[in-house]
Amino acid sequence: MNRRTQTTIAAAVAAALSLGLAACGDKDKDDSSGESNAASTQAPGAEAGTVVGGTPVKGGTLTVLTNQDFAHLDPARNWVLPTMDFGTRLLYRTLVTFKSAPGDAGNEIVPDLATDVGRPSDGGKTWTFTLKDGLKYEDGTPIKSADIKYNVERSFSPDLTGGPDYAVQYLAGGENYKGPLNGEHLPSIETPDDKTIIFRLKRPVAEFSYTAAMPTFAPVPQSQEKGTQYDMRVFSSGPYKIETYDRGKQLVLVRNTNWDQATDTVRKAYPDKIVVTQGLKGGQADDRIIASDGADASTIEMPWMRPESVSKVLPKPDVKSRMIAERTGCTDSLYLNTSKAPFDDPKAREAMMWAVDREAQVTAFGGPALTDIATTYLPPSMTGGVKSDPLKIPAAGDPEKAKALLKEAGKTDLKVSLTVSLGDKTRAEAIQQSLSKAGVQVTVNTVDPSAYSDTLGDSKNAPEMTLNGWCPDYASGSTFLPFLFDGRTIKEKGNQGNWSQFRDQATMDEMDRIMALTDVKEANEAWKKLDEELLKKAPAIPLLWQRRPLLVGTNVAGAFGAAGYAGMLDLAAVGLKDPSKSQG
């Protein structure tokens with residue numbers, strides 16, 4: 001899924017980070033009640049799986065500081081972090097969802113709106129879900145199966161771009177479907193009654209339960225349809241509803257009094273109010289949370305701490321004890337637009353593989369405490385923890401080898417542009433510098449984070465190179481390689497994932513073969529082999545495997561990185577130690 005954050009981060013002081021983020025303490029374990037034993041955890045560290053601040057107390061105002069607005073809160077369009085974490089944990093529920101627990105347990109799916117994680121039949125081509133009793137929207141009206149059908153149908157609408165493509169890929173008869181806004185409905189989604197929804201698929205999909213955790217499978221009643229304006233006022237099925245939303249400035253959530261905790265085993269809804277303060281500049285959010293003065297003690301930030309701020313944290317044990325650094329399971333890559341020159345030439349793409357200095361990328365992102373050099377597209381979390389290096393390209397690159405390849409391609413005076421999110425300017429400059437050693441001139445263009453996804457999604461005007469990341473929706477190559485490199489997923493508007501615009505018939509045929517396999521182990525091995533073949537074709541250059549540096553205020557409790565949300569803070573569990581100390 002495109003679980004990429006809209007903001008990646010600027011330069012860092014790698015020397016300071018060499019102090020390390022050593023894991024200090026055991027991984028948090030669940031007690032028999034299902035609640036995390038937060039009070040027993042020690043100071044967090046890299047991949048610690050720990051919980052900061054103990055168990056929250058109900059009440060108070062949690063403040064979220066961020067430099068950006070949300071691209072899309074509409075669940076049909078929500079497929080980036082941190083927006084997906086925010087939407088599915090606070091504003092709307094899905095048929096199933098990820099368990100709220102630290103460590104690997106956070107990858108497990110559990111029932112949400114549904115009574116179970118789905119019942120397959122017809123060899124996995126048909127999936128049936130039954131809704132729980134007592135489910136209501138913010139106005140007290142009941143949530144119906146037809147509302148989930150309607151939102152899944154909305155995900156096909158060409159005007160509602162940006163969301164997960166699973167429904168489009170999996171549902172039978174959806175090839176030419178354009179959504180429900182013109183009154184047409186999709187026959188492969190059946191709602192025989194208000195509590196039953198049946199999905200009929202093109203082929204067996206053993207992992208469809210995980211798909212149903214995506215925002216696409218949240219309910220939207222047709223009566224609330226506002227087209228592209230639905231982003232501004234999502235109709236809540238979750239524990240909070242929107243009170244006010246001034247785009248780019250502030251979003252205020254208050255309790256949805258019709259949400260019933262008895263129907264929801266995942267969301268704890270500790271704060272009474274959540275205030276998202278947007279538009280902060282530079283490291284303002286980091287500095288405020290480090291200081292934790294007054295109301296800032298009850299503050300978290302979105303999406304995560306800037307790497308250069310980590311050097312301010314590590315020497316201070318009291319501040320360091322409030323920081324988590326969780327693995328993401330994501331791969332950051334430099335995407336080469338293969339639809340036009342110069343990167344329609346495989347030799348030119350291969351040259352870029354050898355030209356890029358990935359060690360400089362590690363330094364620019366925060367040093368080895370926060371990231372590892374990526375040598376494949378699939379992250380180690382999807383290859384059994386095994387790191388492979390099929391191409392054996394030096395981490396610092398080989399400019400002379402790159403020059404030779406460019407000479408073979410007849411491209412010895414190459415000038416290209418690189419478009420990045422504003423926060424990635426330092427990383428872009430590191431790429432610019434490393435490519436210059438191979439004789440490639442790079443012009444860096446920056447885009448506001450809130451507009452970045454839409455900018456890359458315009459296929460006709462897409463840049464020659466772009467920096468982006470991909471995180472799996474769950475631990476299967478089917479959630480990774482097809483979204484990045486299947487030419488059939490490319491859209492003229494709202495293109496999400498295949499930023500290389502890579503179309504290769506042999507690759508697509510092999511993806512189809514793997515997707516038809518019923519043996520999961522065999523499929524996993526096949527995805528790894530395909531990964532190696534794709535590296536040779538070089539539609540993108542894998543750069544980094546990241547960790548999330550997460551810092552919270554001194555009055556924040558229940559904070560941990562959620563594996564199901566690529567290491568972001570799990571907003572289902574965060575609250576305050578002392579609500580009386582919060583403001584707002």
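Helices and strands are here DSSP runs, numbered from the N terminus, and contact means heavy atoms within 4.5 Å. In this predicted model, helix 3 (residues 145-154) lies across strand 6 and strand 7 (196-200), and it runs at about 170 degrees to strand 6. Those strands belong to an open sheet of four strands in the order 4-5-7-6, with antiparallel pairing.

**The sheet**
- Strand 4 (119-121) and strand 6 (189-193) are the edge strands, each of which pairs on one side only, and the twist from one strand to the next averages 25 degrees.
- Strand 4 and strand 5 (residues 126-130) run antiparallel and are joined by three bridges, and R119 has T128 in strand 5 as its bridge partner.

**Aromatic pairs**
- The whole structure holds 21 aromatic pairs, including the tilted pair of W127 and F208, at 5.9 Å centre to centre with 40 degrees between the planes.
- This pair links distant parts of the chain, since W127 lies in strand 5 and F208 in helix 5 (residues 208-211), 81 residues apart.
- W127 is buried, with a relative accessible area of 4%, and F208 is buried as well, with a relative accessible area of 2%.
- The ring centres of F129 and F199 are 6.0 Å apart and their planes stand at 75 degrees, so this pair is edge-to-face; F129 in strand 5 and F199 in strand 7 are 70 residues apart, and both are buried.
- One aromatic cluster includes W127, F129, F199 and F208, and among its other members are W79, Y166 and W499.

**Charges over rings**
- The charged end of R154 sits over the ring of Y230, 5.1 Å from its centre.
- The ring of W354 has the charged end of K401 over it, 5.0 Å from the ring centre.

Notes:
Residues are numbered from 1 along each chain as its sequence is written. This is a predicted model: local features need pLDDT of at least 70, side-chain atom pairs count only at pLDDT 80 or more; totals for chains, interfaces and linings use all residues. Side-chain values use heavy atoms; hydrogens and water are left out. Two strands pair if DSSP finds at least two bridges between them. Helices (H or I, at least four residues) and strands (E, at least two) are DSSP runs, numbered from the N terminus. Axes are lines fitted to C-alpha atoms, for helices over the stretch in contact, and angles run from 0 to 180 degrees between N-to-C directions. Rings of Phe, Tyr and Trp (its six-membered ring) pair if their centres lie within 6.5 Å; planes under 30 degrees apart count as stacked, over 60 as edge-to-face and the rest as tilted. Buried means under 20% relative accessible area, exposed over 50%, partly exposed in between (1.4 Å probe, protein chains only). A charge sits over a ring if NZ of Lys or CZ of Arg is within 6 Å of the ring centre and within 35 degrees of the ring normal.
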